[in-house]
Amino acid sequence: QVQLGESGGGLVQPGDSLRLSCAASGPTRRPLNDYAIGWIRQAPGKEQEFVGGISWGGQNTYYADSVKGRFTISRDSAKNSVYLQMNRLKPEDTAVYYCAADWQAPARVIRTTPAAYAYWGQGTQVTVSS
């Protein structure tokens, strides 16, 4: 079991950058390195969208076409954290962003279905507007 918390959201203008952080907290039994971590977003009135993820064992990454080339996911093992670097933000990136952990994914595999992720953070709002 793992508890997750996101931070770093905010209001920015189109073209700006933000870095979201996902940190483990509480009585964590395993480090985040043991989980595949996904970033999922949800805009008002829309379904959840799997933005991207990073595997455990091998650090493979996956990005949705809508963010490929603009977003980057990375880990910091020492801080037990995962980051979502978002560059060249667009108004359509506006959403609540969640990080989530998949404890059942095989090594080097990133599952892109939000339902595969058992542990979720509380979400952080990202608003891109001029």
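Biologist: Where is the place of Arg-70?
Modeller: Arg-70 sits in the loop between strand 6 (61–63) and strand 7 (71–76). Strands here are DSSP runs (E, at least two residues), and helices are DSSP runs too (H or I, at least four), both numbered from the N terminus. Please note that this is a predicted model: local features need pLDDT of at least 70, side-chain atom pairs count only at pLDDT 80 or more, and totals for chains, interfaces and linings use all residues. Residues are numbered from 1 along each chain as its sequence is written, and side-chain values use heavy atoms, with hydrogens and water left out.

Biologist: Does Arg-70 count as buried or exposed?
Modeller: Arg-70 counts as buried, at 6% relative accessibility. Buried means under 20% relative accessible area, exposed over 50%, and partly exposed in between (1.4 Å probe, protein chains only).

Biologist: With which side chain does the side chain of Arg-70 make a polar contact?
Modeller: The partner is the side chain of Asp-93, at 2.7 Å. A polar contact is a pair of N or O atoms within 3.5 Å; within protein, one must be able to donate a hydrogen and the other to accept it, and residues adjacent in sequence count only if both atoms are side-chain atoms.

Biologist: And which residues does Arg-70 touch, not counting those up to four places away in sequence?
Modeller: Arg-70 touches Gln-85, Met-86, Asn-87, Arg-88, Leu-89, Lys-90 and Asp-93 on that count. Contact means heavy atoms within 4.5 Å.

Biologist: Next, Asp-102. In which strand does Asp-102 lie?
Modeller: Asp-102 belongs to strand 9. Asp-102 is buried, with a relative accessible area of 0%. The side chain of Asp-102 makes a polar contact with that of Arg-111 (2.8 Å). Leaving out residues up to four places away in sequence, Asp-102 touches Tyr-35, Ala-36, Arg-111, Ala-116 and Tyr-117.

Biologist: What does a search of the whole structure find in the way of disulfides?
Modeller: The search finds one disulfide, meaning a pair of cysteine sulfur atoms within 2.5 Å. Cys-22 is joined to Cys-99, S to S 2.1 Å. Cys-22 lies in strand 3 (residues 18–25) and Cys-99 in strand 9 (residues 95–102), so the pair ties together parts that are 77 residues apart in sequence. The link of Cys-22 and Cys-99 is right-handed, with 70° about the S-S bond.

Biologist: Are Cys-22 and Cys-99 buried or exposed?
Modeller: Cys-22 is buried, and Cys-99 is buried as well.

Biologist: Changing topic: in what order do the four strands of the open sheet come?
Modeller: The order is 1-3-8-7, with antiparallel pairing. Two strands pair if DSSP finds at least two bridges between them. Strand 1 (3–7) and strand 7 stand at the edges, each with a single partner strand, so one side of each is left without a neighbour in the sheet.

Biologist: How many bridges join strand 3 to strand 8?
Modeller: Six bridges join strand 3 to strand 8 (residues 81–86). Within strand 8, Tyr-83 stands opposite Ser-21.

Biologist: Finally, the whole chain. How many helices and strands are there?
Modeller: The chain has zero helices and 11 strands. Of its 130 residues, 41% count as buried. Along its principal axes the C-alpha trace spans about 40 × 30 × 30 Å.
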